[in-house]
Amino acid sequence: MAADDKQPKMKSFALRIDAKTMSAIETWAADEFRSVNGQLQWIIADALRRSGRIKKK
């Protein structure tokens, strides 16, 4: 197994979001020392865990 096989596969997609929501996410990301992309990934993963759609670590 190659080293690259251990990395999770990532997919890209476009996201349309209103300016007020984006501003709130940017502020939240800065407060958490994350990029906006990292913050969105964390928000989505947290929501999926809370809903039981993915297993908690």
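Q: Where is Ile17 placed, and why is Ile17 called partly exposed?
A: In this predicted model, Ile17 sits in the segment before α1. Its relative accessibility is 34%. Buried means under 20% and exposed means over 50%. The value for Ile17 falls in between, so Ile17 counts as partly exposed.

Q: Which residues does Ile17 touch, not counting residues up to four places away in sequence?
A: Ile17 touches Met22 and Ile25. Contact here means heavy atoms within 4.5 Å.

Q: What makes α1 roughly perpendicular to α2?
A: Helix α1 covers residues 19–31 and helix α2 covers residues 36–50. They pack at an angle of about 95°, and their axes are 9 Å apart. Angles of 65 to 115 degrees count as roughly perpendicular. The angle lies in that range, so α1 is roughly perpendicular to α2.

Q: Which residues of α1 and α2 meet?
A: From α1 come Met22, Ile25, Glu26, Trp28 and Ala29. From α2 come Val36, Gln39, Leu40, Trp42 and Ile43. By class, this contact has eight nonpolar residues, one polar and one charged.

Q: How many aromatic pairs does a search of the whole structure find?
A: The search finds one. Trp28 and Trp42 form an aromatic pair.

Q: Why are Trp28 and Trp42 called a pair, and what makes the pair edge-to-face?
A: The pair is 5.8 Å centre to centre, with 80° between the planes. Ring centres must lie within 6.5 Å, so the two rings count as a pair. Planes over 60 degrees apart count as edge-to-face, so this pair takes that label.

Q: What does the pair of Trp28 and Trp42 tie together?
A: Trp28 lies in helix α1 and Trp42 in helix α2, so the pair links parts that are 14 residues apart in sequence.

Q: How do you know whether Trp28 and Trp42 are buried, partly exposed or exposed?
A: Trp28 has 36% relative accessibility. Trp42 has a relative accessible area of 33%.

Q: How does the span of α2 compare with the one expected?
A: α2 has 15 residues. From its first C-alpha to its last, α2 reaches 21 Å. That is close to the 21 Å expected at 1.5 Å a residue.

Q: Where does Phe33 lie, and why does Phe33 count as exposed?
A: Phe33 lies in the loop between α1 and α2. Its relative accessibility is 79%, and exposed means over 50%, so Phe33 counts as exposed. Phe33 also has a positive phi of about 60°, although it is not a glycine.

Q: Which residue just after α2 takes a positive phi?
A: Gly52 does, at about 80°.

Q: Why is Lys56 called exposed?
A: Lys56 is found in the segment after α2. Its relative accessible area is 65%, and the cut-off is over 50%, so Lys56 is exposed. The C-alpha atoms of Lys56 and Asp46 are separated by 9.0 Å. These residues are ten apart along the chain.

Notes
Residues numbered from 1 in each chain as written. Predicted model: local features only at pLDDT ≥ 70, side-chain atom pairs only at ≥ 80, totals over all residues. Heavy atoms only, no water. Axes fitted to C-alpha atoms, helices over the stretch in contact; angles between N-to-C directions. Helix = DSSP H or I, 4+ residues; strand = E, 2+ residues; numbered from the N terminus. Parallel < 35°, antiparallel > 145°, perpendicular 65-115°, else oblique. Nonpolar A, V, L, I, M, F, W, Y, C, P; charged D, E, K, R; others polar. Expected span 1.5 Å × (residues − 1). Buried < 20%, exposed > 50% of the residue type's maximum accessible area, 1.4 Å probe, protein only. Phe/Tyr/Trp six-rings, centres within 6.5 Å; stacked < 30°, edge-to-face > 60°.
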